[in-house]
Structure formats: structure tokens, C-alpha cells
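Reader: I would like to learn how to read a structure of this kind with some care, one feature at a time. Could we begin with the charged pairs?

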Amino acid sequence: MIVAVVPGSFDPITAGHMDIIKRVSNLYDKVIIGVVVNPSKKPLFSLEDRVKMVKEAIRDNKKIEVDSFNGLLVEFVKKHGARVIIRGLRAVSDFEHEFQMAQLNRRLNSDVETMFVMASPEYAYLSSSVVKEIAQYGGNISGLVPPNVDESLRDALA
Ligand code: PNS
């Protein structure tokens, strides 16, 4: 059984994340979404809310589980008996940071492979940050986030 981990801040989960997660869940036996406890940027949503939103968004897919982690990603991967880290790539601008993380993670645990999935073109411009910015100024974010997140964002920014 091959288990893949999709790590991230998910502040909040977007339609772009959902696209990657759905496509990856067709390839692996099990997918664990790893919500990082302390993202580098100060999150809008608490860890509990970020996990709750992911759980609601993926609830129809029995192959996917959600867990949170603090500390090293490779340790979280090991804890779940996974062998693969999945990262989405939107544009060349994502590459440098992702390349650095993949090389460091391989140095930390060479049994774990990082695999990259190209974002679908309709989501290539999407990020949690732009979604928050649009929502903050009252713009329409439907279709850019799962419906439950649309509601949570409105509540959070009200
Ligand atoms: O959604 P993000 O913010 O792009 O996700 C970044 C994440 C969570 C994948 C990255 O920050 C991470 O792996 N953090 C855990 C700490 C770690 O393992 N660092 C060493 C590898 S660079």
C-alpha cells in the first residue's frame, strides 16, 4: 500500500488544493493531508479551523485522511507509514522554494520521495493569500474555494 502526504498551511484550503488532492487520490492507496501547526506566515484561521475546513471539504472521499503536524514534515510522513510527499506546482516562481524543500527533505530522509503535480490551468493563479485578499475586500470567491470555506471566510472577515 502506497501512502502519500499532501502537506501545507491550508489557510484556507482552496479549489487549487482540492484539484491536486483529488487527482492524487486516484493514484495512491491512501492520501494524508498534513496541516502544519505553525505556518511561516501568521495564519488567519486557527489550526482547528483549518483542519475542520479540510475535513469538511474532503469528507466524501474515503481514501483521504486529515491530520496536523508540528516540526519536521519527514517525521510526519514516517509516522503515517507514507513514502511520498506531494507538492503542487503552479508556475516557475514556485520552483525554487519547492526545489530547496525537496532536496532538504531528501537529505533528512532519503526513503521519502517528493512528487510534483502541475496545477490545472484554471487554478494556476490561485493561492490562499489571494483568496483571503479578495474576500477581505468583499469580492466573489465562489469557485475559488470549496463552498464550506466560502462561508467560513465570510464569517472570519465579517
Ligand atoms: O502551504 P505551504 O505554506 O506552502 O506549506 C509549507 C510546508 C508545510 C510544506 C513546509 O513549511 C514544511 O514542510 N514545514 C515543516 C517543517 C519542515 O519539515 N522543514 C524542513 C523542510 S524545508
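Author: A salt bridge is a side-chain nitrogen of Lys or Arg within 4 Å of a carboxyl oxygen of Asp or Glu. Please keep in mind throughout that this is a predicted model.

Reader: How many salt bridges does a search of the whole structure find?

Author: The search finds 7 salt bridges. One of them joins Arg 23 and Asp 19, whose closest N and O atoms are 3.1 Å apart. These two residues are 4 residues apart in helix α1, which means that about one helical turn separates them. Arg 23 is partly exposed, with a relative accessible area of 31%, whereas Asp 19, at 14%, counts as buried.

Reader: Where does the pair of Asp 150 and Arg 154 lie?

Author: Asp 150 and Arg 154 are both in helix α6 (residues 147–157), again 4 residues apart and separated by about one helical turn. Their salt bridge has its closest N and O atoms 2.9 Å apart. To read the burial of such a pair, recall that buried means under 20% relative accessible area and exposed means over 50%. Asp 150 therefore counts as buried at 10%, while Arg 154 counts as exposed at 58%.

Reader: Which parts does the pair of Glu 98 and Arg 87 tie together?

Author: The side chains of Glu 98 and Arg 87 meet in a salt bridge of 2.8 Å, taken from N to O. Because Glu 98 lies in helix α4 and Arg 87 in strand β4 (residues 84–89), the pair ties together parts that are 11 residues apart in sequence. Glu 98 is buried, with a relative accessible area of 6%, and Arg 87 counts as partly exposed at 21%.

Reader: Which residues surround the ligand?

Author: The ligand is surrounded by Gly 8, Ser 9, Val 36, Phe 69, Gly 71, Leu 72, Leu 73, Arg 87, Met 101 and Asn 105. For polar contacts one looks at pairs of N or O atoms. An oxygen atom of the ligand is 2.6 Å from an N or O atom in the side chain of Ser 9, and an oxygen atom of the ligand is 2.8 Å from a polar backbone atom of Leu 73. Arg 87, which also takes part in the salt bridge with Glu 98, has a polar side-chain atom 2.8 Å from an oxygen atom of the ligand. Taken alone the ligand exposes 550 Å², and the protein buries 70% of that.

Reader: Is Asp 11 buried or exposed, and what does its side chain meet?

Author: Asp 11 is buried, with a relative accessible area of 6%, and a polar contact of 2.8 Å joins its side chain to that of Lys 132. Leaving aside neighbours within four places in sequence, Asp 11 is in contact with residues including Lys 42, Arg 50 and Ser 128.

Reader: Which residues form a nonpolar patch on the surface?

Author: Val 92, Phe 95 and Phe 99 form that patch, with about 340 Å² of accessible area together. Phe 95 lies in helix α4 (residues 92–108) and is partly exposed, with a relative accessible area of 45%.

Methods:
Residues numbered from 1 in each chain as written. Predicted model: local features only at pLDDT ≥ 70, side-chain atom pairs only at ≥ 80, totals over all residues. Heavy atoms only, no water. Patch = residues over 30% accessible without salt bridge, like charges linked within 9 Å, V, L, I, M, F, W, Y side chains within 5 Å. Areas by Shrake-Rupley, 256 points an atom, 1.4 Å probe, with all protein chains shown as cover. Buried < 20%, exposed > 50% of the residue type's maximum accessible area, 1.4 Å probe, protein only. Polar contact = N/O pair within 3.5 Å; in protein donor to acceptor, adjacent residues only side chain to side chain. Contact = heavy atoms within 4.5 Å. Near = heavy atom within 4 Å.
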